[in-house]
Amino acid sequence: MSSDTPHILLVDDHRDIRETLSRFLEKHGMRITAAEDAAMARRRLRAAAVDLIVLDVMMPGEDGLSLFRHIRETLDTPVIFLTAIGEPMDRIIGLEMGADDYVTKPFEPRELLARIRAVLRRSHSLPVGGGKRRGEETRLTFDRWVLDLARRELTGEDGIVVSLSTAEFSLLEAFVRHPNMVLSREQLLDLTKGREADVFDRSIDNQVSRLRRKIEPDSRNPTLIKTVWGGGYCLATEVRALS
């Protein structure tokens, strides 16, 4: 394989999953290093650099969330969680901690492949440097807007602050933290519901419509928050951190 071949670390305690996914991903042009638990994953990471980590949440001994915290202390390597149905809190916590995506078991290998490719495209397009690990930025800019996460303010290029409800702010924050990523309605609920004390009492679709009216040049023909039919919504613009 060439030096451009993506190197993926696959961490899962089920041997059949490791072997099946390894064969499938290698067939589609990726280099796979497998680990059966967190301890082995740590050794693999010390031995070689990887481009992305596929990490099972529920593992005996040290679980995936604990390993993820350790990884984020030193590395900004993209991470996709594997999480079983019935583990919504693990999914929410993982995304809040800064994971790049998650796939719910059982899943088709092609779905994981598509998500790996999407995350790699996003990570390769990010500017190098900056000093902060992803998720720690406090001011993010996109299109003609600046979102101040600490002050919870959205400011336009004219310097005027746009009023956002708690639900609208949480929804926009979910989008800017996952730019150019298709987020399903379930994922958007995971990322927003329960943040602060506000709970969505309207559908995600209604919240998106209200947010579009505040940030889109023409909310009837949105260019920022795009609808992906059968998938969900996507913030289709570059997001950069401001110093």
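Modeller: Helices (H or I, at least four residues) and strands (E, at least two) are DSSP runs, numbered from the N terminus. This is a predicted model, in which local features need pLDDT of at least 70 and side-chain atom pairs pLDDT 80 or more, while totals for chains, interfaces and linings use all residues. Residues are numbered from 1 along each chain as its sequence is written, and side-chain values use heavy atoms, without hydrogens or water.

Biologist: Which residues in H1 are buried?

Modeller: Buried means under 20% relative accessible area, exposed over 50%, partly exposed in between (1.4 Å probe, protein chains only). In H1, Arg-18, Leu-21, Ser-22, Phe-24 and Leu-25 are buried.

Biologist: Why is strand S1 largely enclosed by the rest of the structure?

Modeller: Because five of the five residues of S1 (residues 7-11) are buried. His-7, Leu-9 and Val-11 cover one side, and Ile-8 and Leu-10 the other.

Biologist: In which sense do S1 and strand S2 pair?

Modeller: Two strands pair if DSSP finds at least two bridges between them. S1 and S2 (residues 31-35) are parallel, with five bridges, and Leu-9 stands opposite Thr-33 of S2. Strand S3 (residues 52-56) also pairs with S1 in the parallel sense, over four bridges; there Ile-8 has Leu-52 as its bridge partner.

Biologist: Which residues touch the most other members of the largest nonpolar core?

Modeller: Such a core is a set of buried Ala, Val, Leu, Ile, Met, Phe, Trp, Tyr and Cys residues joined through side-chain atoms within 4.5 Å. Here the largest has 26 residues, and Phe-142, Leu-172, Phe-175 and Ile-215 touch the most other members. Helix H6 gives the largest share, six residues. Apart from this core lies another, of 20 residues, including Leu-9, Val-11 and Phe-81.

Biologist: How many aromatic pairs does the count come to?

Modeller: Rings of Phe, Tyr and Trp (its six-membered ring) pair if their centres lie within 6.5 Å; planes under 30 degrees apart count as stacked, over 60 as edge-to-face and the rest as tilted. The count is one. Phe-68 and Phe-81 are tilted, at 5.4 Å centre to centre and 55 degrees between the planes. Phe-68 is in helix H3 (residues 64-74) and Phe-81 in strand S4 (residues 79-84), 13 residues apart. Both Phe-68 and Phe-81 are buried.
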